[in-house]
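Here are some friendly notes to read with the structure open beside you. Take the points one at a time, and find each residue in the viewer as you go.

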Amino acid sequence: MDNPLFRFLYSRLRPDEPCPHMRLLVSDYASGILSGGSLVYTRSHLNACPRCSLALEGLQQLRARLHAAGADLPRLDNAHRAQVEAEWERIEQAQTP
Amino acid sequence: MTRDVQQDEEPGNERLRDQFAQTARECEAALLRVALRLCQGGYDCAQELVQEALVRGYEGFRQGKFLSGSNAKAWLLRILTNHFINGYRHARRWNAPLDVDTLTRGGESGPPQTRTDRDETPQKLLSRTLDEPLEDALNRLPDALRMTVLLVDVEALSYQEAAIALDIPVGTVRSRLARGRYLLKDLLQGYAQEKGLLRG
């Protein structure tokens, strides 16, 4: 962080924004898809960087909210279901020799 | 977990229909959840989008376009998102804003291209029953980012499955997902600050 350019760039970030080079890795880490060297590197960076660990925490909370939003079970209404069945019938008739 | 569709050698109409209907039932809720959010809560729009996806899906299924062993949910979501991109989104018929062309000389609204009351009620219902700030923030994401976040974080598709559903490379899923998540987080933070739940 001795480089003045880096100091300037980091001063523009909010405290919960990840380091610019870690944006994708933190997101992938939250998805649990990292492995091998990238997992080791990301873990060690997260342990040392409060900014990135705060960003990770935010993404994990967001994922939990999004996951909960997928719990409802909407259904097709009767009118649209009947339309689907009628269309399926039409397709069968058109494709049957 | 969605069951993969097995196609027999020479199945009859009834058999094919039963197989596809079973898959459709298993995927219906997921298709509607995605459709409702693509249509920004528009109930009729979402129902029609899913209806069209199931019709086109059956057509493709009978033509052997669905490969046995692949993920039926990802395949149907691909049909749905393609139809949304090619049809509804371009036409903008479900969420066209009220403009001067829709007003009559007297100032009252003319034949509406805007959402109907039937659309509004379930939209409010969706916002009330689910996480309202989250739904609002999702609606404000660009379509490409919203679709990626919906498929991976709401519908729990893997990056590979989302790539199939959206017909884009896995690397693009990865970058869109990251952008979408950070943007969504910022929007929710802004909302919380607006409501005084967080300090600015």
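Does B:Ala156 count as buried or exposed, and at what relative accessibility? Keep that question in mind; point 2 comes back to it.

1. **What you are looking at.** Please remember throughout that this is a predicted model. Read from the N terminus on, its elements run α-α-α-α-α-α-α-α. Of the 200 residues in chain B, 49% are buried. Now take the contacts in this chain between residues at least 6 apart in sequence: 65% of them join residues at least 24 apart.

2. **Two loop residues with a positive phi.** Back to the opening question: B:Ala156 counts as exposed, at 56% relative accessibility. You will find B:Ala156 in the loop between helix H6 (143-154) and helix H7 (159-166) of chain B. Its phi is positive, about 55 degrees, although the residue is not a glycine. Then look at B:Asp167, another residue other than glycine with a positive phi, in this case near 55 degrees. B:Asp167 sits in the loop between H7 and helix H8 (170-194) of chain B. At 49% relative accessibility, B:Asp167 counts as partly exposed, because the exposed class begins over 50%.

3. **A pair of packed helices.** Next, find helix H1 (residues 13-38) and helix H2 (residues 43-62) of chain B. Their axes are 9 Å apart, and the two helices pack at an angle of about 150 degrees. The crossing of H1(B) past H2(B) is right-handed. On the H1(B) side, the residues that meet H2(B) include B:Leu16, B:Phe20, B:Ala24 and B:Leu32. Their partners in H2(B) include B:Tyr43, B:Val50, B:Leu54 and B:Phe61. Sorted by class, this contact has 14 nonpolar, four polar and two charged residues.

4. **The disulfide.** How many disulfides does a search of the whole structure find? The search finds one over all chains. A disulfide is a covalent bond between the sulfur atoms of two cysteines. Here the bond is formed by B:Cys39 and B:Cys45, with their sulfur atoms 2.1 Å apart. The angle about the S-S bond is -60 degrees, and the link is left-handed. Both B:Cys39 and B:Cys45 are buried.

5. **Cysteines without a bond.** A:Cys19 is in no disulfide: the nearest cysteine sulfur belongs to A:Cys52 and is 3.6 Å away. A:Cys19 is buried, with a relative accessible area of 4%.

6. **Where the chains meet.** The contact takes 46 residues from chain B and 41 residues from chain A. Between them the two chains bury about 3900 Å², and 54% of this is on carbon and sulfur atoms. Which three residues supply more of the area that chain B buries against chain A than any other three? They are B:Arg17, B:Arg181 and B:Tyr182, which supply 18% of that area.

7. Start with B:Gln47, which lies in helix H2 of chain B. B:Gln47 is buried, with a relative accessible area of 2%. Leaving aside its neighbours within four places in sequence, B:Gln47 is in contact with A:Arg75, A:Leu76, A:Asp77, A:His80 and B:Leu32. Then turn to A:Ser31, in helix H2 (residues 23-31) of chain A. With a relative accessible area of 18%, A:Ser31 is buried, because the buried class covers values under 20%. Again leaving aside neighbours within four places in sequence, A:Ser31 is in contact with A:Arg63, B:Tyr159, B:Leu177 and B:Arg181. As a last exercise, find A:Leu9: A:Ser31 and A:Leu9 are 22 residues apart in sequence and 27 Å apart in space, C-alpha to C-alpha.

Technical notes: Residues are numbered from 1 along each chain as its sequence is written. Chains are lettered from A and ligands numbered from 1 in the order in which they are written. This is a predicted model: local features need pLDDT of at least 70, side-chain atom pairs count only at pLDDT 80 or more; totals for chains, interfaces and linings use all residues. Side-chain values use heavy atoms; hydrogens and water are left out. Axes are lines fitted to C-alpha atoms, for helices over the stretch in contact, and angles run from 0 to 180 degrees between N-to-C directions. Helices (H or I, at least four residues) and strands (E, at least two) are DSSP runs, numbered from the N terminus. A crossing is left-handed if the near helix is turned anticlockwise from the far one by less than a right angle, and right-handed if clockwise. Contact means heavy atoms within 4.5 Å. Ala, Val, Leu, Ile, Met, Phe, Trp, Tyr, Cys and Pro count as nonpolar, Asp, Glu, Lys and Arg as charged, and the others, Gly among them, as polar. A disulfide is a pair of cysteine sulfur atoms within 2.5 Å. Buried means under 20% relative accessible area, exposed over 50%, partly exposed in between (1.4 Å probe, protein chains only). Buried area is the accessible area (1.4 Å probe) that two parts lose on being put together, summed over both.
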